[in-house]
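Biologist: I have a new structure to go through. Can you walk me through it?
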Amino acid sequence: MKETSQEIDRFLVELLTNVGKNLEQDVTKTKDVDTKSGPNDLVTNFDKSTERNIVGIIKQNYPDATIVSEEGFGDVVNSMAGLVFFVDPIDGTMNFVKCHDSFASMVGVYLDGKPLVGAIINVMEHRIYHGGPDLGVFENNHQLAQPINSTLKEGLVIISGPMVLKNYLNTQEVVHKSSGLRVLGCAGIVFEHLLKGKEVLYMSYLKPWDLAAGRVLCETLGLSVVGVDGEPVDMLKSQVVIAGTQKVVSEVLETVKNSK
Ligand code: 2AM
Ligand code: CA
Ligand code: CA
Ligand code: CA
C-alpha cells in the first residue's frame, strides 16, 4: 500500500505542479465567465480546460480508476469501490476571477472508500500540500508536524460567510467563543491553513471535490473531519463539514446540537 501511495503522491505532485504553472499564466488572461447556480457561482473557460487536461492525464495513467470532478469531464460515480479520484480544477474561481490570487487546484484519491493520497496546490504561492496516511503530509519537500490540539477560545475559525450571516447551526456563537473569524473563499487554502495550525476550525457546505484532498491531509495530521451530527463524511454527497482540531470539533458539535 505504501508503494501505491508513494507512486500516486509523485504523480499528483508532478500533475499539479504543471497545472499550477499554466494557471499562473492564465490568471491574468481574458476569461470567458459564466454563472452556474447563481451570480456568485462562477465557471470560466480555464476551469473547464484545466479539468479536461487533469482528467485526461489521470485516465492515461490510471485507466481503471473512476473520476469525480466538478465541471463534468469525469465519470458518473455511485460507488467508492476501487481507486476513486476527486478533481477540483480551480478551487476559488471567484478569487481567480476577481483577485487574481488565493485559488488552488486539488486532487484527492481514495481506495475502496479509504483516504489514500491528497494534493492541493496554492498556485500563486507555489506551495503544494501532499501526502496521506501511509506517507505523512508535506509542504513541497518539507514534512509538516501535527498541529497543536487547541481549544476554540485559543484559535481563529473559518466559517463560510453565508452560514455565519444566517447564524446557521449557531455559527455566530462559535465565532464569539473563538479568537476571531476569517473568511478566505477557497476551500483548498483553508485546508492549507488548518494543516499549518493557523486556524483551528473550518465549517462550510462542501461538495465532494471541495473536501476530498483536504480530508485526506487533515486526517493524516490528526485533525478531525465530520458531518454536523459528528458522523463520518460521505464522499459521494455534498454536506456541511466540520474540520478542525479534535478539541474544537467536540466543542462545535455541542454548540451545533444546541441549535437543533
Ligand atoms: P469553487 O471555486 O471550486 O467552486 C467552499 O466554499 C467552496 O465552494 C469554495 O472553495 C468554492 O469552490 C465553492 N463556492 C464558494 N462560493 C460559492 C457559491 N456562491 N456558489 C457555489 N460554490 C461556491
Ligand atoms: Ca465552482
Ligand atoms: Ca471548490
Ligand atoms: Ca472548482
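Biologist: Which residues come nearest to ligand 1?
Modeller: Asn40, Asp41, Asp91, Thr93 and Ala187 come nearest, out of 13 residues around ligand 1. A residue is near a molecule if its C-beta atom, placed from the backbone, lies within 6 Å of it. This is a predicted model: local features need pLDDT of at least 70, side-chain atom pairs count only at pLDDT 80 or more, and totals for chains, interfaces and linings use all residues. Residues are numbered from 1 along each chain as its sequence is written, while chains are lettered from A and ligands numbered from 1 in the order in which they are written.

Biologist: Which strands each supply at least two residues of that shell?
Modeller: Strand S4 (83-91) and strand S12 (201-206) do. Strands are DSSP runs of E, at least two residues, and helices are runs of H or I, at least four, numbered from the N terminus.

Biologist: And which domains does the shell draw on?
Modeller: Domain 1 (2-143) and domain 2 (152-257) each give at least three residues. Those bounds come from an automatic or database domain assignment.

Biologist: New topic. How far apart are the C-alpha centres of the domains?
Modeller: The centres of domain 1 and domain 2 lie 20 Å apart.

Biologist: How many residues are in contact there?
Modeller: 32 residues of domain 1 are in contact with 23 of domain 2. Contact means C-beta atoms, placed from the backbone, within 7 Å.

Biologist: Which element gives the most on the domain 1 side?
Modeller: S6 does, with 7 residues. Strand S6 spans 114-122.

Key
Contact = placed C-beta atoms within 7 Å.
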